[in-house]
Amino acid sequence: MASLKELKDRIGSVKSTQKITKAKQMVAAAKLRRAQAAAEAARPYAERLSAVMGSLAGKVSGDSAPKLLAGTGSDKRHLLVLVNTDKGLCGGLNSNLVKEAKAQAKKLIAEGKDVSFYLVGKKGRAPIKREYPNDIAKHFDTSTVRTPGFEEADAIAAELIEMFDADQFDVAHLIRPEFQSALVQNPTTTQLIPVPSPEASEDSDAVVEYEPGEEEILEELLPRYVKTQLFGALLEREASEQGASMTAMDNATRNAGDLINKLTIQYNRSRQAAITTELIEIIAGAEAL
Amino acid sequence: MPLHFELVTPAKQVRSEEVHMVVVPGTEGEFGVLEGHAPFMSTIRDGAVQVYKSEGAEPETIEVKGGFAEVGENGLTVLAEHVEA
């Protein structure tokens, strides 16, 4: 049985932990709203871009298609672009992402492909490094900026395309959290490079004129499309992080509350027991006189 | 007849309004878009988009960087990476 003092200290420490988790929960709730708004604001651009891509990709086909659309012609070397958060305290979000990445890697390796990783965010680094110490191609640090935005997406896309042009990989997959609600964020995998041919939108009768040319426009559009995908992933990551963090911290706060109640009861019981023993001692002493 | 003009960046939708005419800095030269323009698509160079709210009005200029313009049945859409209002 722990002594009264020990119990009291324990209650005190749980209380201060509860304060921290509660604060983090409220911060996450406030940030979640902003992150969600940002993710929604980015949607029109992405939608427009895919619509235009759809109408263009249908027209440019065959040998004339740019490399980013057609691929290198082989699918031996795969690059997994894993988007993790920079900070912890967000429940199982990062471990789920890493699990998904490992599952994909295992599947690809079983098919006889080469797999390497491109890691975005701090939290994926350690677990991936443990299992695939030699396969981490690059790590992109987003922890230096407060909220990763289009510049970061731009930088990542530029680097990826550079690696693609230098023939360092054949296929790139993007693994990112998909924000559904504050409770649900599922890791999803999508093909990033070569850009999957979007479904050609139903052709309107109107003949569209292109300036400079269809191919030139497509050539400019594809890197932009990759960039937008990454930008979307960063925004989703932000929203997912805050959502997961909010839920995890809510649970932690509640658990701390339960623990405090239990400890307080225990504390009161042992206090009463101590008083009772003392009384018995006094009475017994008085009777002996 | 007004022209529906939309200016969208990755971060947000900057404009969505009815205007008279928009002059867009295309890669191969500036072009003005009025209501009823034929379907057209062009990349744009860094420069100013000039928005004429009504005929003969002073144009409002918006600096854009990187992107492309699309003219379709629903009017003009400019997708730009950066916008400086």
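Modeller: Before we start, two residues are in contact if their C-beta atoms, placed from the backbone, lie within 7 Å. This is a predicted model, in which local features need pLDDT of at least 70, side-chain atom pairs count only at pLDDT 80 or more, and totals for chains, interfaces and linings use all residues. Residues are numbered from 1 along each chain as its sequence is written, while chains are lettered from A and ligands numbered from 1 in the order in which they are written.

Colleague: Thanks! Which residues does Val81(A) touch, not counting residues up to four places away in sequence?

Modeller: Val81(A) is among the residues with the most contacts inside the largest nonpolar core. Such a core is a set of buried Ala, Val, Leu, Ile, Met, Phe, Trp, Tyr and Cys residues joined through C-beta atoms within 7 Å, and buried means that 20 or more other C-beta atoms lie within 10 Å of a residue's own. Leaving out residues up to four places away in sequence, Val81(A) touches Tyr118(A), Val120(A), Leu160(A), Ala172(A), His173(A), Leu174(A), Ile175(A) and Leu192(A).

Colleague: Which element gives the most to this core?

Modeller: The core has 81 residues, and those with the most contacts inside it include Leu160(A) and Val226(A) as well as Val22(B) and Val78(B). Helices (H or I, at least four residues) and strands (E, at least two) are DSSP runs, numbered from the N terminus. With 16 residues, the element that gives the most to this core is H7(A).

Colleague: Now the interface: which element gives the most to the side of chain A that touches chain B?

Modeller: The contact takes 19 residues from chain A and 20 residues from chain B. On the chain A side, helix H2 (43–57), strand S6 (209–211) and helix H7 (214–288) each give two or more residues. With five residues, the element that gives the most is H2(A).

Colleague: And how many residues on that side of chain A are nonpolar?

Modeller: Here Ala, Val, Leu, Ile, Met, Phe, Trp, Tyr, Cys and Pro count as nonpolar, Asp, Glu, Lys and Arg as charged, and the others, Gly among them, as polar. The side that touches chain B has one polar and four charged residues, and its nonpolar residues number 14.

Colleague: Which residue of S5(B) does Tyr210(A) stand opposite?

Modeller: Two strands pair if DSSP finds at least two bridges between them. S6(A) and S5(B) (residues 40–44) pair in the parallel sense over three bridges. Within S5(B), Tyr210(A) stands opposite Met41(B).

Colleague: What is the bridge partner of Val8(B) in S8(B)?

Modeller: S1(B) (residues 3–8) runs parallel to S8(B) (residues 75–84), joined by four bridges. In S8(B), the partner of Val8(B) is Leu79(B).

Colleague: Last one: what is the radius of gyration of chain B?

Modeller: Chain B has zero helices and eight strands. The globule rule, 2.2 Å times the number of residues to the power 0.38, goes with a radius taken over C-alpha atoms. For 85 residues the rule gives 12 Å, and chain B comes close to this, so it is as compact as a globular protein of that length, with a radius of gyration of 11 Å.

Technical notes. Buried ≥ 20, exposed ≤ 12 C-beta atoms within 10 Å, placed from the backbone.
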